[in-house]
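I'd like to walk you through a structure, so please have the viewer open and follow along.

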Amino acid sequence: VKSSIPPGQGAGSSSSLSQAIMEAMMRHFLADDLHPNYLRWFSTQLENKWHGTVSGIVNAAIAYKRIMFYERDKTTKFIPLGSPMFFVVGTTGPRSEIDPYAVMRGLKQDQPLQYIAHHKAMSENAVQLAEALQHGDTLRVGALMNESEDIYETCGIVTKAMQTACQEALNQGACGARMTGAGGGGFVIACTPISRIEDVQMAWFDMGLKAVSILNFGLDRIR
């Protein structure tokens with residue numbers, strides 16, 4: 001199995017591999033036209049064998065190939081984009097010097113009021129981001145990404161390399177940039193106008209980032 005996604009860095013590589021294995025097997029033995037729910041369910045069961053119980057949210061996003069909005073104890077929603085949007089993503093490498101989960105656990109224990117304030121701010125940011133995506137407001141999406149990055153930096157879970165990568169993306173014309181992924185990897189993502197994608201990519205390549213690629217959503221809306 002070959003992949004451009006570095007394993008073990010919190011970018012969904014295990015979910016992607018589980019999905020690829022199950023989809024290949026099911027299409028070979030069962031049928032070519034499979035409902036995403038079947039693929040999501042079986043890939044989640046496979047990943048559970050590797051990691052223990054997983055949420056299944058990443059598996060669903062991979063199976064349906066759509067942007068999703070998740071809130072704890074609420075029904076997960078698909079987000080229809082108001083217009084096409086482009087993102088550049090890359091990784092600075094594993095975050096060996098910072099364990100974000102440990103940092104947040106410490107913050108919750110030692111500074112509970114600050115932890116609650118950060119949690120509330122991120123929740124409100126996510127709701128506003130979902131609304132901006134639905135309205136196709138690229139500039140607002142970028143601004144909210146910058147806002148969430150500021151919150152992450154205040155929490156102390158962003159490495160210097162990730163901060164530098166985000167700032168360089170903004171310097172090259174990105175509308176917004178922030179860290180992404182779970183605690184294992186130093187992934188960064190930038191919402192970028194199509195005319196500046198190559199500039200952001202080349203800047204990140206020059207900085208030594210790996211797995212630099214483009215994500216595009218909502219191109220089916222182009223007529």
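Let's begin with helix 2, residues 36-51, and helix 3, residues 57-64: their axes come within 9 Å and cross at roughly 145°. The crossing of helix 2 and helix 3 is right-handed. Keep in mind as we go that this is a predicted model.

Which residues make that contact? From helix 2 you have P36, N37, L39, R40, S43, T44 and E47, and they meet N59, A60, A63 and Y64 of helix 3. Sorted by class, the contact of helix 2 with helix 3 has five nonpolar, four polar and two charged residues.

Four strands form an open sheet in the order 4-5-3-6, with antiparallel pairing. Strand 4 (176-180) and strand 6 (210-217) stand at the edges; each has a single partner strand, so one side of each is left without a neighbour in the sheet. On average, neighbouring strands of this sheet are turned by 20° against each other, ignoring direction. As a reminder, strands of a sheet pair through backbone hydrogen bonds, either parallel or antiparallel.

Let's go across the sheet pair by pair. Strand 4 and strand 5 (residues 185-191) run antiparallel and are joined by five bridges.

Helix 7 touches strand 3 (85-94), strand 4 and strand 5, and its direction makes about 155° with that of strand 4. Helix 8, residues 197-207, touches strand 3, strand 5 and strand 6, and its direction makes about 5° with that of strand 3.

Back to the pairs. Strand 3 and strand 5 run antiparallel and are joined by six bridges, and here G90 stands opposite V188 in strand 5. On to strand 6: strand 3 pairs with strand 6 over six bridges, again in the antiparallel sense. There, F86 has N216 in strand 6 as its bridge partner.

How many of the 10 residues of strand 3 are buried? Eight of them are, so strand 3 is largely enclosed by the rest of the structure.

You will see T159 in the loop between helix 6 (138-155) and helix 7 (160-171). Is T159 buried or exposed? T159 counts as buried, because its relative accessibility is 5% and the cut-off for buried is under 20%. Leaving out residues up to four places away in sequence, T159 touches R95, E97 and I98.

Last stop, the salt bridges. The structure holds two of them. In one, the side chains of R27 and E23 meet at 3.0 Å, N to O. Both R27 and E23 lie in helix 1 (residues 13-29), four residues apart, which is about one turn of the helix. R27 is partly exposed, with a relative accessible area of 29%.

The other salt bridge joins the side chains of R196 and D199, at 2.8 Å, N to O. Here R196 counts as partly exposed at 31% relative accessibility, and D199 is partly exposed with a relative accessible area of 31%.

Key:
Residues are numbered from 1 along each chain as its sequence is written. This is a predicted model: local features need pLDDT of at least 70, side-chain atom pairs count only at pLDDT 80 or more; totals for chains, interfaces and linings use all residues. Side-chain values use heavy atoms; hydrogens and water are left out. Helices (H or I, at least four residues) and strands (E, at least two) are DSSP runs, numbered from the N terminus. Buried means under 20% relative accessible area, exposed over 50%, partly exposed in between (1.4 Å probe, protein chains only). Contact means heavy atoms within 4.5 Å. A salt bridge is a side-chain nitrogen of Lys or Arg within 4 Å of a carboxyl oxygen of Asp or Glu. Two strands pair if DSSP finds at least two bridges between them. Axes are lines fitted to C-alpha atoms, for helices over the stretch in contact, and angles run from 0 to 180 degrees between N-to-C directions. A crossing is left-handed if the near helix is turned anticlockwise from the far one by less than a right angle, and right-handed if clockwise. Ala, Val, Leu, Ile, Met, Phe, Trp, Tyr, Cys and Pro count as nonpolar, Asp, Glu, Lys and Arg as charged, and the others, Gly among them, as polar.
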